[in-house]
Amino acid sequence: MSSREPSFHEVVKNRHSARAFLPSPIPNDVLYDILHEAQCAPSNCNTQPWSLHIVAGEKLNELSHALTTDLKVGSYCLDFTFDKEAYPNPFRQRASEQGRSYYQALGVARGDNLSRSEVVERNVKFFGAPHVALLFIPAVGDNVRVASDAGMYAQTFLLSLEARGYAGVPQAVLSYFAQTVRRILNIPENFKLLYGISFGIPDKNHPSLSYREGRVFVEDSVIWHR
Ligand SMILES: Cc1cc2nc3c(=O)[nH]c(=O)nc-3n(C[C@H](O)[C@H](O)[C@H](O)COP(=O)(O)O)c2cc1C
């Protein structure tokens, strides 16, 4: 999409979670190139334990309707637990900060429940994206190793999108509806939903793209022993 190939450095620095997309889909041949690159991700013993279900068109509408209904009636079914409150600090604080900056960018006031629920609902509408990828992993032991392999795959996929001027957003929220997703996409019970990734052409004029999440200093994450 861009006239010049971005450098690796630019791709890594510029990748961010887009939460607003234009309706035009990514051409199939380009999507295949992206998927070939994602397939280069490393994995334990080269097991490549990821199974990606890409949904578009009518099926995407069907999925969105079903998940919107589940969300409205509070019908959740997660394959893996997710509890922000269980994170020790400083990790929990970072999650609060992320929520604050995101809602601020969207102009949602604290305690504004209607708008907040609308913001959550945008997740199950895939932020207007023409595609969503549902990332499944086979159930293996405590699943930690398999999930970490799938995370490498997901990041390679996201970087490959970025390198071509596209964008995506990983969405744990979609994993709250694992059973519905399995039913609609006819996925066997022994494949577990890690998260979804809505992706496509980012709508750069949307307020949610007006800010970038910061990062802590390297020294806060890396401990040297020498
Ligand atoms: C595994 C995972 C799950 C996520 N789930 C959601 C989600 O459900 N909804 C959402 O809007 N963003 C979600 N995000 C995006 C994060 O909020 C985002 O990656 C983080 O704030 C850093 O911002 P950046 O991706 O723009 O650099 C998720 C990211 C990851 C890696």
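Predicted model: local features only at pLDDT ≥ 70, side-chain atom pairs only at ≥ 80, totals over all residues.
**Ground rules.** I number residues from 1 along each chain as its sequence is written, and my side-chain values use heavy atoms, with hydrogens and water left out.

**Overall fold.** I looked up the secondary structure and found 8 helices and 4 strands, where helices (H or I, at least four residues) and strands (E, at least two) are DSSP runs numbered from the N terminus. From the N terminus on, I read the order as α-α-β-α-α-α-β-α-β-α-β-α. I then looked up burial, and buried residues make up 39% of the 226 residues; buried means under 20% relative accessible area, exposed over 50%, and partly exposed in between, with a 1.4 Å probe and protein chains only.

**Helix H6.** I checked the length of helix H6 (residues 144-163), whose 20 residues at 1.5 Å a residue should span 28 Å, and its end C-alpha atoms are 29 Å apart, which agrees; the expected span is 1.5 Å times one less than the number of residues. Its buried residues include Val146, Tyr153, Phe157 and Leu161. Among the elements that cover the buried residues of H6 are helix H1 (8-14), strand S1 (51-56) and S4, with contact meaning heavy atoms within 4.5 Å. After H6 comes Gly165, whose phi is positive, near 85°.

**Helix H4.** I repeated the check on helix H4 (residues 91-105), whose 15 residues should span 21 Å, and the end C-alpha atoms are 21 Å apart, which agrees. In H4, I noted Gly99, Ser101, Tyr102 and Tyr103 as buried, and H4 is followed by Gly107, with a positive phi near 75°.

**Cysteines.** I searched the whole structure for disulfides (cysteine sulfur pairs within 2.5 Å) and found 0. The sulfur of Cys40 is 19 Å from the closest cysteine sulfur, in Cys45, and so is too far away for a bond. Cys40 is exposed, at a relative accessible area of 62%, and Cys45 is exposed at 78%.

**Asp203.** I located Asp203 in the loop between strand S4 (191-200) and helix H8 (218-221). Asp203 is buried yet has no salt bridge, and the nearest side chain of opposite charge, Arg122, is 7.4 Å away; a salt bridge needs a side-chain nitrogen of Lys or Arg within 4 Å of a carboxyl oxygen of Asp or Glu. For charge, Lys and Arg count as positive and Asp and Glu as negative, with His and the chain ends not counted. Leaving aside neighbours within four places in sequence, Asp203 is in contact with Ala20, Phe21, Leu22 and Leu209.
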